[in-house]
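Student: I'd like to go through the aromatic side chains in this one. Can we take it one question at a time?

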Amino acid sequence: MSKKGMNDLNKDVNELADSRALEEERDVTEWIVAGENARERIDKYITESWEVEVSRSQVQLWISGGHVTVNGAPVKANYKLFEGDKVSVTVPEAEVTDLIAEDIPLEVVYEDSDVILVNKPRGMVVHPAVGHPSGTLVNALMYHCKDLSGINGEIRPGIVHRIDKDTSGLIMAAKNDASHASLAAQLKEHSVTRRYIAVVHGNLSHDKGTVDAPIGRDPHDRKLYTVTEKNSKRSVTHFTVLERFGDCTLLELQLETGRTHQIRVHMKFIGHPLVGDPIYGRSKGTTMNGQALHAAVLGFVHPSTGEYMEFSAPIPADMEEVLFTLRSR
């Protein structure tokens, strides 16, 4: 072999080694498919199994990009799983985003070079989606920070967790990938402190209690969630009564797990849906524009310092108005 040919071969070998080394450094998430998930589409399975909220369209992009394998081989998004399949996802490096930074006012509760905490107003969507391409928290954060992490890909840069559009309160975003990984790991370990304030219908029979009921997608409406044993995850919500109004109750709720719509679904499950909840609530009685739910306390271990930090945000004006009305009757 010529000297040039040998040099080219060495270059190819080194590039392959570098590529494999890079792949090994990236975070790989794996599952072994249980019998109850057999015959389920892989894109649906990954979307519902991923601990941090991720969209099905994002999963499909990972699949089409070759970042998802089953038993070591790439598959298509419509692949039907078999019991015992080994599903592996290697999250790709973030792509350059087409999202537009928007000068939207933010109530910043805390910020440093690793993390930012915002008191999100009710009505603000967290990340762009169909029907909400702009005006979201992500658009605002991109303008404010300039340096968000990209571990979640281009749709939700920096976002570690989420709260619903019509839920107000504290939400955190990471400003680099190391911080994002640390905060996401704490969420997965259920070590992040998350306490909410809510007004619910009815008068609870106990001052304190725990709802331990698995949550999964509603088989009758895939956009909603419900308490179910099928394709669900363990979900735990602790509640403490703060004030009683006869037909309504003010609660503090602490999340042990963090499922989509968890508090809203659990409160409906025990017969005390949130006041104002347009999906899981009641149409009669005390109402407000959006559910009476506020993420009041958020605590976590700082990704760089290792110090536990806890922050709080006051109840918003619209919830205070509801409470004033209930107290004045």
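Student: Is Tyr 45 buried or exposed?
Tutor: Keep in mind that this is a predicted model. The relative accessible area of Tyr 45 comes out at 5%. Buried means under 20%, so Tyr 45 counts as buried.

Student: How many aromatic pairs does a search of the whole structure find?
Tutor: The search covers the whole structure, and the total is 3 aromatic pairs.
One of them brings together Trp 31 and Tyr 45.

Student: What kind of pair do the rings of Trp 31 and Tyr 45 make?
Tutor: Their ring centres sit 6.0 Å apart, with the planes at 85 degrees. Trp 31 belongs to strand S1 and Tyr 45 to helix H2, 14 residues apart. Planes over 60 degrees apart get their own label, so this pair is edge-to-face.

Student: And what about the rings of Tyr 110 and Phe 311: which kind of pair are they?
Tutor: Here the centres are 5.0 Å apart and the planes make 35 degrees.

Student: Which strands do Tyr 110 and Phe 311 sit in?
Tutor: The pair links distant parts of the chain, 201 residues apart. Tyr 110 is in strand S5, and Phe 311 is in strand S15.

Student: Which residue lies over the face of Phe 82?
Tutor: Look for a charge above the ring, at 5.3 Å from the ring centre of Phe 82. The residue there is Arg 39.

Definitions and conventions
Residues numbered from 1 in each chain as written. Predicted model: local features only at pLDDT ≥ 70, side-chain atom pairs only at ≥ 80, totals over all residues. Heavy atoms only, no water. Phe/Tyr/Trp six-rings, centres within 6.5 Å; stacked < 30°, edge-to-face > 60°. Helix = DSSP H or I, 4+ residues; strand = E, 2+ residues; numbered from the N terminus. Buried < 20%, exposed > 50% of the residue type's maximum accessible area, 1.4 Å probe, protein only. Lys NZ or Arg CZ within 6 Å of the ring centre and 35° of its normal.
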